[in-house]
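I opened this structure to look up its charged pairs and its pockets. My entries follow in the order I made them.

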Amino acid sequence: MLKIWTDGSCLGNPGPGGWAFIATNGTDIAERSGGEPDTTNNRMELTAVIRALYATKHHREIELHTDSQYVKNGMQIWIPQWKNNNWKTAAKKPVKNKELWQQLDELAMGRKIHWVWVRGHAGEEFNERCDELARTAAEQIKK
């Protein structure tokens, strides 16, 4: 099973942001990162997962590690409710970052994704590396 770690970073919120993911099959490791000049932390967290799932779309089963409760809860709890409510929250307000949630939902369809929440900045090797990659990408965009 492919294992993926993702992270997003934002210098200010909103501000310059970065995203990163690391994927490993247990033997090989791939790292990718990028950024945007004006974004939010939540958008970068979502973008990291979207980029990871797009890059690994031929894998049907994935263990995806994220330090974002926003992403994990969105995929495991909120999306079915949002879709039933025509992309409105329980408070009947439009879902923020709807277009990213829709991309993520589409990339996840037909795949078995095991969502694993990891505590950020707690010394978990690949989570720390993703944080470093995302922060570096945001800093490069800021320059």
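Entry 1. I note here that the model is a predicted one.

Entry 2. Next I looked for the partner of Arg 43. Arg 43 forms a salt bridge with Glu 99, and the closest N and O atoms are 2.8 Å apart. Arg 43 belongs to helix α1 (residues 41-55) and Glu 99 to helix α3 (residues 98-108), so this pair ties together parts 56 residues apart in sequence. Glu 99 is also partly exposed, at 37% relative accessibility.

Entry 3. I stayed with helix α3 and looked up Asp 105. A salt bridge joins Asp 105 to Lys 83, with 2.8 Å between the closest N and O atoms. Lys 83 sits in helix α2 (residues 69-84) and Asp 105 in helix α3, so I logged a link between distant parts of the chain, 22 residues apart.

Entry 4. How many salt bridges does the structure hold? I wrote down six. One of them is between the side chains of Glu 31 and Arg 129, at 2.9 Å from N to O. Glu 31 is in strand β3 and Arg 129 in helix α4 (residues 125-142), so the pair ties together parts that lie 98 residues apart in sequence. I have both as partly exposed: Glu 31 at 33% relative accessibility, Arg 129 with a relative accessible area of 28%. Salt bridges with shared partners join Glu 31, Arg 129 and Glu 132 into one network.

Entry 5. The largest pocket has a volume of about 160 Å³. Which strands each supply at least two residues of its lining? They are β2 (15-24) and β3 (29-39). Among the lining residues I listed Leu 2, Phe 21, Asn 25, Asp 28, Ile 29, Arg 32, Thr 56 and His 59. Ala 23, Ala 30 and Ala 55 are also in the lining.

Entry 6. Last, I sorted the lining of the largest pocket by residue type. I have six nonpolar, four polar and two charged residues.

How values were computed. Residues are numbered from 1 along each chain as its sequence is written. This is a predicted model: local features need pLDDT of at least 70, side-chain atom pairs count only at pLDDT 80 or more; totals for chains, interfaces and linings use all residues. Side-chain values use heavy atoms; hydrogens and water are left out. On a 1 Å grid over the protein atoms alone, a cavity is a set of points where a 1.4 Å probe fits but cannot get out, and a pocket is an open set with protein on both sides within 12 Å along at least five of seven lines; lining residues have an atom within 4 Å of a point. Grid points are joined across faces, edges and corners, and a volume is the space filled by probe spheres set on the points. Helices (H or I, at least four residues) and strands (E, at least two) are DSSP runs, numbered from the N terminus. Ala, Val, Leu, Ile, Met, Phe, Trp, Tyr, Cys and Pro count as nonpolar, Asp, Glu, Lys and Arg as charged, and the others, Gly among them, as polar. A salt bridge is a side-chain nitrogen of Lys or Arg within 4 Å of a carboxyl oxygen of Asp or Glu. Buried means under 20% relative accessible area, exposed over 50%, partly exposed in between (1.4 Å probe, protein chains only).
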